[in-house]
Each structure stands twice: as structure tokens, then as C-alpha cells.
Amino acid sequence: MKKITLAAAVAVIAVAATAYATPYYTLHQIKTALAERNADALAEHVDFPALRASVKTQLEASMARSIAATAGSDNPLAALGQSIAGAMLGKMVDAMVSPAGVVALVNKSAVSPQAGAAGDADAPADGARKKAAYSAGYTGLNTFVVRAQDGNAQDGALVLQRHGVWGWKLSSIEIASAMAAR
């Protein structure tokens, strides 16, 4: 009886440890796909409808803030411009959030624009980019967030959501404030 209980406890611990480690493995697969610029491999780990909605919402909010700051909130032409720009933005995001577009978007959002910049005094002379440091961890049972090592929320983040028991997919990119302002 003790052997069965011990075996069951070991099995439960092994399953729990594997379930806990799955987003780290998915993150490793995403990093490998990005390093190889393999859009097909990356696409396996991306929830495109959720990612499109996330990017569209953030860009629309950024555009609304920009228009309100420039034209004022009471300007009727600003509202017209915002509605026209919103329609165009939707089509642009749908085209941009594709396997090839995600490779470029993730590389721009997750890495600070200063890392490896041409004028950076710490940059290597041969032009090689610095390896970016990240912190990753659970923010909930079904949410896993990856940020630049300094943890600054303004630098952007990658958000993975659980899909099933073992699967994780990139479902949102918190666009860095510098990029969203463009």
C-alpha cells in the first residue's frame, strides 16, 4: 500500500512539475523560432485572433490619445479623422499580425529600443547586438508574462495564455510606449 501511495505522489508531482514548466518550454520554442526567423514555427505558438484584437485595441487607444492631444476632444473633424483612421488601422493590423509580421513586431516590442543602438557606448565594435535579458513568470494560473529584465511596464511585454492543459500561445503583446507613440 505504501508503494502505491508513493508512486501516486511521485506521479502527481511529476505531472504538476511538467504542467508548471510548459510555458517556459513554449517560450524557448518561440525564442528559437525568432532567432531562426522561422515564421511557420512561430505561428504554431501564436493565437492570431487574440493577438490581432490586443494590438488593434492598443493602437486605437494610442491613436485616440494622439488625436485628442493634437486636435482637442471637441473638434468634430478629429472624430471624423479618428473613425477613418480606425477603419484603415483595422485592415493594417489584420495584415501586420501574420506569421512574418509577428516576428518583426515581437522583436520591436520586447526589446528596448536602446539595446544595441548604433550610438550606444557599450555596443560591441563589430555591431553585434547585446543579448537581451528577460524575466518571465506566471501572473495567474492561465497567464504567463515575459518582460525585459528591468521589469519596466513601459518597455512592453509578451503575454502567453494557456490553451488546454499543456499548451500555451502568445495571445497579447503589450506594445512598448515608445513604439505605440509612433
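**Tour by selection**

Select β3 and β4: these strands form a hairpin with 3 residues between them, and glycine 164 in the turn has a positive phi of about 80°. Strands here are DSSP runs of E with at least two residues, helices are runs of H or I with at least four, and both are numbered from the N terminus. The model is predicted, so local features need pLDDT of at least 70 and side-chain atom pairs count only at pLDDT 80 or more, while totals for chains, interfaces and linings use all residues. Residues are numbered from 1 along each chain as its sequence is written, and side-chain values use heavy atoms, with hydrogens and water left out.

Two strands count as paired if DSSP finds at least two bridges between them. Glutamine 161 has lysine 169 in β4 as its bridge partner, and leucine 158 has isoleucine 173 in β4.

Pick valine 146, whose bridge partner in β3 is leucine 158, then valine 145, whose partner in β3 is valine 159.

Now display the whole sheet, an open one of 4 strands in the order β1-β2-β3-β4 with antiparallel pairing. Its edge strands are β1 (134-140) and β4, each pairing on one side only. Neighbouring strands are turned by 25° against each other on average, direction ignored. Axes are lines fitted to C-alpha atoms, for helices over the stretch in contact, and angles run from 0 to 180 degrees between N-to-C directions.

Select residues 2-35, helix α1: this helix packs on the sheet and touches β1, β2, β3 and β4. Contact means heavy atoms within 4.5 Å. The direction of α1 makes about 140° with that of β1.

Last, go to helix α4, residues 76-96, where methionine 92 is located. Is methionine 92 buried or exposed? Methionine 92 is exposed, because its relative accessible area is 52% and the cut-off for exposed is over 50% (buried is under 20%, partly exposed in between; 1.4 Å probe, protein chains only).
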